[in-house]
Amino acid sequence: MGGFLPSLPLASEETSGNASDSPQTTGNAHSRADATQVTQAASRSQQGNSDRGLIRARYMGHIEKLKKKNEKLINIISKHVSEFLKANVVIEDQIPVPELQADDNLVADVLPLEIISNLRETGRLMFQNECINVYSSCRREFLKECLSKFGLQVGKLNVEDIDKMEKIESWIKALNVAVRILFPNERRLCDRVFSSSYAADISFGKVCRELTISLLRFLNTLATENHSPYHLFHVIPKVFKTLSDLFPNFNSLFYDQLFSESLRNDAVLVGKRLGTFVKLESLIRREVAQETVPDGGIHPTTHKVMDYLRDVFTDNENFQLEREYLHFLTR
């Protein structure tokens, strides 16, 4: 009997028909898709880096425009504080010292609105930390330049200077100018430049920290070094009065500020140390200190002096001076 075998597909035909479903082909397709995605991501990353670079360059351009206004700003501030800077504030009590009038808008009112607006809008497009660091570095240099132009070389004060009255006078002037004029103006400017109050607070702390620490370091040296009777009875009381008069300003600038309250606390601690010597001076000068103690016992004044000295050198947090000296701590 004749018959035909069933027709079978050729091998080549079977392979051709299922080529699109083979594992190797599918894998290649996925690899090509992954490569495409990586290329696109890299391209977007490069574009993003390029955009950030352009934004940063634009921001630096606005910073340079801000720096160009420094000379004009310094001249305006100098005129505002000129009488105070000319006065002798330490050596001769007879010379009346003009009161340093605060004006928080000296800087912000002089700067063109365009510069402030450009810094604000461009800063929104940058990484926050980068923007804050660039801006605060610029303003720290401005503060240094101001004091240098005024002849107040704060950065050069050291332990040897506590015996030089002109250095003490320079410190008093620098502290007053910084806390009453420069810092409030920088606070106002930070609030205008940064759209976020959080960023403004961080930047303000960074702007003021270096100068504040320099001023307080010199003051702390004055409070902790060995002193002659002249220092104890003439210099320290005057310096302490300067600091205590400024505590309301320290409070308004730094109190309850997450990134700068430590500056206020440092000033309080130094104030306690200086206030101790002021209290000692008052205690020792009392007539009762000249009285004798029956039976050769220890004079009550001696006990009090030793207690005060122990507290000032152990930084006892519970130590409190008379209210008239540290009334600012009651806030």
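Biologist: Leaving aside neighbours within four places in sequence, which residues is Val-239 in contact with?

Modeller: Please note that this is a predicted model. With those neighbours set aside, Val-239 is in contact with Ile-168, Trp-171, Ile-172, Leu-219, Leu-222 and Leu-274.

Biologist: Which residues have the most contacts inside the largest nonpolar core?

Modeller: They are Ile-77, Tyr-135, Phe-150, Phe-183, Leu-219, Val-239 and Phe-250, in a core of 79 residues.

Biologist: Which helix gives the most to this core?

Modeller: Helix H7 does, with 15 residues. In soluble globular proteins, nonpolar side chains tend to be buried together.

Biologist: Turning to H5, at what angle do the axes of H5 and H7 cross?

Modeller: The axes of H5 (residues 113-123) and H7 (residues 165-193) cross at roughly 55 degrees and come within 8 Å. H5 is therefore oblique to H7.

Biologist: Which residues meet there, and what are their classes?

Modeller: From H5, Ile-116, Leu-119 and Arg-120 meet Leu-189, Asp-191, Arg-192 and Val-193 of H7. The contact of H5 with H7 has 4 nonpolar and 3 charged residues, with no polar ones.

Biologist: Why is Leu-269 classed as partly exposed?

Modeller: Because its relative accessible area is 27%, and partly exposed covers the range between the buried limit of under 20% and the exposed limit of over 50%.

Biologist: How many residues apart in sequence are Leu-269 and Asn-220?

Modeller: They are 49 residues apart in sequence, and their C-alpha atoms are 9.0 Å apart in space.

Methods
Residues numbered from 1 in each chain as written. Predicted model: local features only at pLDDT ≥ 70, side-chain atom pairs only at ≥ 80, totals over all residues. Heavy atoms only, no water. Axes fitted to C-alpha atoms, helices over the stretch in contact; angles between N-to-C directions. Helix = DSSP H or I, 4+ residues; strand = E, 2+ residues; numbered from the N terminus. Parallel < 35°, antiparallel > 145°, perpendicular 65-115°, else oblique. Contact = heavy atoms within 4.5 Å. Nonpolar A, V, L, I, M, F, W, Y, C, P; charged D, E, K, R; others polar. Buried < 20%, exposed > 50% of the residue type's maximum accessible area, 1.4 Å probe, protein only. Core = buried A, V, L, I, M, F, W, Y, C linked by side-chain atoms within 4.5 Å.
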